[in-house]
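Reader: Hi! Could you show me the model you have open, and then talk me through the ligand site?

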Amino acid sequence: MALDLVILGPPGAGKGTQAERLARTRGIEKISTGDVLRKVVHAGTEVGRRAQSIMDRGELVSDDMMIEIVRERLHRPDVAGGFVLDGFPRTVAQASALDAIMRGRAPLIVIDILVPEPELVRRLSSRLVCDDPQHGSRCGGHLVHRADDNADVVRERLKVYHAQTRPLVDYYRARPTFRSVNGAQPPDRVAPDISAVIEEMGSSAVWPRCDEGV
Ligand code: AMP
């Protein structure tokens with residue numbers, strides 16, 4: 001059965017790092033909407049310029065645009081074996097559109113990475129990323145500060161997270177395929193916790209049975 005994962009969590013929680021590892025170790029596609037947008041910005045089109053000014057302020061790009069990007073991506077054949085979404089959904093509207101897109105596939109496994117706010121601020125203000133958008137978020141190449149990792153924008157991104165993205169935890173919490181993991185530890189410790197959650201779900205009866213008509 002396809003492994004379809006959503007990684008939730010505030011900016012700086014380590015979603016990108018864990019999504020990258022999961023994609024590599026499980027042989028599934030990583031879909032990071034932040035990386036997709038940074039490529040659109042890099043292309044220098046009018047849409048890219050509009051997205052850039054929104055991202056530079058730490059606000060969210062429109063649901064319509066993000067849902068279209070993800071819908072198109074999830075219809076490509078390479079996600080047949082599974083995917084891990086990083087940075088999407090970020091609003092309840094995006095989550096409910098994702099449920100519609102997912103109809104007929106395996107249930108989404110949703111993993112929320114928990115990190116206390118002071119730790120997030122500390123991580124974001126010291127974060128260095130690759131300056132080549134083709135490389136995604138981390139590659140070991142030229143390392144720069146992300147434009148939206150400065151103190152004012154970090155504050156705004158955390159505010160936007162609490163107002164618009166945190167409610168997703170309530171949207172998903174009642175599902176048997178929702179789990180939280182402790183993200184306030186090194187990435188090498190978070191990864192096995194996530195793996196344990198995935199194995200546990202694979203071996204327990206959280207999947208709807210076919211005679212339940214779901
Ligand atoms: P990230 O790399 O996930 O932190 O995303 C960087 C920025 O891209 C965010 O601060 C938003 O401005 C924008 N963005 C990424 N994903 C989404 C999304 N699903 N919905 C709206 N805006 C997004």
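Predicted model: local features only at pLDDT ≥ 70, side-chain atom pairs only at ≥ 80, totals over all residues.

Reader: Good to know. Which residues come nearest to the ligand?

Author: There are 16 residues around the ligand, and those that come nearest are Thr-33, Glu-59, Gly-87, Arg-90 and Gln-94.

Reader: How much of the ligand's surface does the protein bury?

Author: The protein buries 96% of the 480 Å² that the ligand exposes when taken alone.

Reader: Nice. What's the make-up of that shell: how many nonpolar, polar and charged residues?

Author: Six are nonpolar, four are polar and six are charged. Helix H2, residues 33–43, gives the largest share of the shell, with four residues.

Reader: Switching to pockets: where does the ligand sit?

Author: The ligand takes up space in the largest pocket. About 860 Å³ of space lies in that pocket. Its lining has 48 residues, and Lys-15, Arg-90, Arg-127, Arg-146 and Arg-157 are the closest to the centre.

Reader: Which element gives the largest share of the lining?

Author: H2 does, with five residues. Among the other elements that each supply at least two lining residues are strand S1 (3–8), helix H1 (15–26) and helix H9 (187–203).

Reader: And how does the lining divide by residue type?

Author: Into 19 nonpolar, 16 polar and 13 charged residues.

Reader: Last topic, the backbone. Which residues does the cis peptide bond join?

Author: Phe-88 and Pro-89, with omega at about 0°. Pro-89 lies in the loop between strand S3 (82–86) and helix H5 (92–102).

Reader: Great, thanks for the tour!

Note on methods: Residues numbered from 1 in each chain as written. Heavy atoms only, no water. Near = heavy atom within 4 Å. Areas by Shrake-Rupley, 256 points an atom, 1.4 Å probe, with all protein chains shown as cover. 1 Å grid on protein atoms, 1.4 Å probe; cavity = no way out; pocket = protein on both sides within 12 Å on 5 of 7 lines; lining within 4 Å. Sits in = over half its atoms within 2 Å of the grid points. Nonpolar A, V, L, I, M, F, W, Y, C, P; charged D, E, K, R; others polar. Points joined across faces, edges and corners; volume = space filled by probe spheres on them.
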